[in-house]
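Hi,

Here is the structure I promised to pass on. Have a look at it first, then read my notes below.

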Amino acid sequence: MASTISWHFEKHTKTEVNGLQIHNERKAEKHKNERIDPERSHLNASSVIDEEFGDIPYTQRIEQILDERYTGKRNPRKDAIFDVQHTLQFGGEEILNLPPKEKQAVMITATNFLVEQLGGYQNVLGLNIHRDESNDHVHLDTIPLTDDGRLSAKDIYNRTFMKETQSALLTHLQETYPGLDFVRASETARGFENGRSQADFERLKAEQDQLKHLEIQHEQKLAELQHETKEQLVETLAEINPEYTVSEELYYQKMPVMFDHDGTKVWQFEMEYGDSPKPIKTDFGRSQVMDWLNLDTIQNAIHEALRLAQQLATNIKKRLKEALDLENRLSEKEDRLNKQEEALTDKKLDIYATIFDEVCNRDSVPEERQETIKQAKEVYQDSFVRKAKNARLGLKPDKFFDIESPESVILGWIQDEIKAPNATLADIAIKFGVHESWRQTMIDKGGRIGKTSDGRVLNEPFETLLPKLINKASVQQLNTYMDWYKQQQRDRGFNGPSR
């Protein structure tokens, strides 16, 4: 890597020079510059110029030089520039890795060349080499006397002089030390522009170091935040899609290649990540996702899982709605059927009441008998409701409370209590489908017919025959019977059945 050199200078009045000398010669017990390492200050060096002047301060050195060489007609102003401090900075691995003596020789070569450009050592107030800071550098303090003895930093340090001197210094070092590959340091590399002070350099260097430190801290915090974020995303993905796995392609990309006789790396890999892509809910699967996938990929997997979950939820919601609609339709249908069945039951009760009216003259029925008929109707109604409820619940009939055929109970009571004539009951049976040719047989045998020509068996008494006929009758037959009965009642001058 190349070596670098940078040259900059700053101008000072007479009131400032003693402070510069204290810094250059490390005469202070405590230094404002925290980059100075006192334990390395013994490595610093000064030139014979300082030895010739002795311990006298820079102000006296300036007066001594002015007394000898100043040609101005007036004394210099108090705010005039009496000192120009030059700093030579060296960088790059080539020169910094040199042994101390060889490095110092390079620095002195550069300094001597610069002194020559500035009018020689007769204008030098002090020369110090510092090795106790971050970079080795040279401080060169000169008095800005022109060749004709005038004090004028403005005339000496013009733009042309600066540009030519920079180029000449670099060329001199390149020719003298070709192996060090000298190049001019950029402003970014040296941390300052020409004309800035060493203090500026140290301050800027400290700021750069601080910024670098803050950058490292920021990167560490960012890495920690990314790790925490990744862990949270992995937890979320495992929560909503515990079966998620990385692709087989990615797994085999990460798997080390096993050579002929060395399977150690593969064994270690499988101990950490398993022998195939695993679901994220497992330890192996979690390690695969955590170590191999970036944040964007995990977020995309979460979004896809959420999309599928939302789609599933939408489908489930749709199916639930369809199920609820079907349930509502079935419920409405059941309600209609129940109402129809209740209406049919009421119609059948009316029919049983008409049977009562047909088999007897209600005006001659004692009041207690009417109560018996009323109770029979209530038993029928309660039994019907209980049977319907048990049927919905899938329960078997209760032998104690449920009457198998409450209709027969009603007719049995009617016959037992009132002695209904068989002729009337036979006429009613004919209305519900029995052929009229069997009328006399039913009258003679109390409803029993036997086996009919169409294969039916009607060999039952009226108390069981009539309920069966009524239950099997169509709505039209029931309505036809009721219309017939009402017409009979109107013909007789009655208003309707006793129910």
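Let's start with a pair of charged side chains: R77 and D79 form a salt bridge, and their closest N and O atoms are 3.0 Å apart. Both R77 and D79 are exposed. Before you go further, keep in mind that this is a predicted model.

The structure has eight salt bridges, so here are two others to find. One joins the side chains of R150 and D155, at 2.9 Å from N to O. R150 is partly exposed, with a relative accessible area of 35%, and D155 counts as partly exposed too, at 39%. Another links E304 and R307, at 2.6 Å from N to O. E304 and R307 sit three residues apart in helix α13, so about one helical turn separates them. E304 is partly exposed at 37% relative accessibility, and R307 is partly exposed at 40%. Going back to R150 and D155, salt bridges with shared partners tie them and D148 into one network.

Now the overall picture. The protein has 499 residues, and 37% of them are buried. You'll find 19 helices and six strands. Of the contacts between residues at least 6 apart in sequence, 71% join residues at least 24 apart. The protein exposes about 30,600 Å², with carbon and sulfur atoms supplying 49% of that.

Next, a helix pair. How do the axes of α11 and α12 cross? Helix α11 (residues 264-273) and helix α12 (residues 283-292) have axes that come within 8 Å and cross at roughly 105°. That makes α11 roughly perpendicular to α12, because angles from 65 to 115 degrees fall in that class. On the α11 side, the residues that meet α12 include F269, M271 and Y273; their partners in α12 include F284, Q288 and W292.

Is M442 buried or exposed? M442, in helix α17 (residues 439-445), has 0% relative accessibility, so M442 counts as buried. Leaving out residues up to four places away in sequence, M442 touches A426, A429, I430, V434, G447, R448, I449, F462 and L465. L425 is 17 residues from M442 in sequence, and their C-alpha atoms are 8.6 Å apart.

For a contrast, look at L320 in helix α13 (residues 295-359). L320 counts as exposed because its relative accessibility is 52%, and the cut-off for exposed is over 50%. Together with L312 and I316, L320 forms a nonpolar patch on the surface, with about 290 Å² of accessible area.

Cheers

Methods. Residues are numbered from 1 along each chain as its sequence is written. This is a predicted model: local features need pLDDT of at least 70, side-chain atom pairs count only at pLDDT 80 or more; totals for chains, interfaces and linings use all residues. Side-chain values use heavy atoms; hydrogens and water are left out. Patches are made of residues with over 30% relative accessible area and no salt bridge: like charges are joined within 9 Å, nonpolar side chains (Val, Leu, Ile, Met, Phe, Trp, Tyr) within 5 Å. Accessible areas come from the Shrake-Rupley method with a 1.4 Å probe; for residues, only the protein chains shown count as cover. A salt bridge is a side-chain nitrogen of Lys or Arg within 4 Å of a carboxyl oxygen of Asp or Glu. Helices (H or I, at least four residues) and strands (E, at least two) are DSSP runs, numbered from the N terminus. Buried means under 20% relative accessible area, exposed over 50%, partly exposed in between (1.4 Å probe, protein chains only). Axes are lines fitted to C-alpha atoms, for helices over the stretch in contact, and angles run from 0 to 180 degrees between N-to-C directions. Angles under 35 degrees count as roughly parallel, over 145 as roughly antiparallel, 65 to 115 as roughly perpendicular and the rest as oblique. Contact means heavy atoms within 4.5 Å.
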